[in-house]
Amino acid sequence: MTTGLSGQAPDLDTVRRVTGAVRQNIERVIAGKPDVVNAALVVLLAEGHLLIEDVPGVGKTQLSKALARSIDCSVRRIQFTPDLLPSDVTGVSVFNQDTRQFEFRPGGVFANVVVGDEINRASPKTQSALLECMEERQVTVDNATYQLEKPFMVIATQNPIEMEGTYALPEAQRDRFMARVSVGYPVESAEIAMLEGHTSHNPLDDLEPVTDAGEVRKVIEIVGRVHVSSAVHRYAVALTTATRTSNDLHLGASPRATLHLVRAAKAVAATQGRDYVLPDDIHGITSPVLAHRLLPNVEATMSGRTTSSILSGIVESVPVPSASDSRGSRA
């Protein structure tokens with residue numbers, strides 16, 4: 001076993017044990033969607049945030065709740081509505097008549113896992129209340145800064161079809177989500193199994209935690225020690241740079257997107273039992289990590305080209321480093 005940046009070999013057995021238990025737990029609720037479940041786990045281990053975007057009734061909220069309930073930690077759910085205020089999200093200072101002092105009452109983001117349901121139904125003012133906590137893991141209210149406990153993950157859902165009474169997420173907000181996934185419709189066998197197992201009771205009611213916040217923090221630390229060679233770093237930068245110079249895109253991927261791409265690839269490698277990242281790890285998560293950050297230009301939109309098709313062409317055009325270069329030298 002090779003060593004990571006800290007000089008210690010990553011404990012990949014712990015990663016596989018924890019992720020395997022959480023995956024199995026989630027699949028008791030969300031059947032037939034292993035790729036979506038894996039993406040959610042990767043985002044958790046990479047200390048990112050997840051945006052679940054799909055039509056109503058396919059299990060967006062079920063997926064987010066199943067992941068949250070699989071971890072024995074603090075969980076809060078925020079139902080985003082047009083009348084939701086920023087103070088409902090971050091918290092507010094309240095004057096205490098007894099002590100004659102202002103006391104801070106934490107808002108919904110003070111939890112390890114925050115489930116934001118229908119995030120695009122809140123006003124842009126309320127949506128912006130999440131910007132600081134998602135990027136810096138802290139909340140500032142009345143000139144006082146409060147740190148958020150690790151792990152901290154925001155799992156937000158939104159419906160891309162219904163536009164009435166919704167506010168599109170601004171680019172700065174979307175860029176803070178490490179990945180965007182779509183649950184999609186289940187296959188026939190999975191939908192039949194759902195009818196047989198979900199009509200008499202809700203499987204979420206029987207879901208018990210299979211790990212806790214302390215163990216998740218340990219796994220996140222292990223993932224951080226996964227090795228990334230210079231060749232893979234250059235490959236990730238080449239991919240995001242290509243989006244910025246594409247003639248079909250008005251807005252390319254940010255440097256934050258490059259960082260998220262590498263962090264997610266490290267989590268993918270660790271869950272597959274490797275202590276080093278391969279180009280395939282980058283390639284496999286390019287779409288969920290980058291697609292929601294890109295904006296096609298007018299010409300591409302008029303010609304019917306989607307963001308996914310443009311991104312696929314960019315990925316195919318970027319040279320992939322060899323396996324030997326990808327492993328590189330390690331500490």
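Modeller: The structure holds 0 disulfides, a disulfide being a pair of cysteine sulfur atoms within 2.5 Å. Cys 73 is in no disulfide, and the nearest cysteine sulfur, that of Cys 133, is 16 Å away. A disulfide is a covalent bond between the sulfur atoms of two cysteines, and the 16 Å between the sulfurs of Cys 133 and Cys 73 is too far for a bond. Cys 73 is buried, with a relative accessible area of 18%, and Cys 133 is buried as well, at 1% relative accessibility; here buried means under 20% relative accessible area, exposed over 50%, and partly exposed in between, with a 1.4 Å probe and protein chains only.

Please keep in mind that this is a predicted model, in which local features need pLDDT of at least 70, side-chain atom pairs count only at pLDDT 80 or more, and totals for chains, interfaces and linings use all residues. Residues are numbered from 1 along each chain as its sequence is written, and side-chain values use heavy atoms, leaving out hydrogens and water.

Turning to the sheet, 5 strands form an open sheet in the order S3-S6-S9-S1-S10, with parallel pairing; strands are DSSP runs of E with at least two residues, numbered from the N terminus, and two strands pair if DSSP finds at least two bridges between them. The edge strands, S3 (75-79) and S10 (179-181), each pair on one side only. Within the sheet, strand S6 (residues 113-117) runs parallel to strand S9 (residues 153-158) and is joined to S9 by 4 bridges, and Gly 116 stands opposite Ala 156 in S9.
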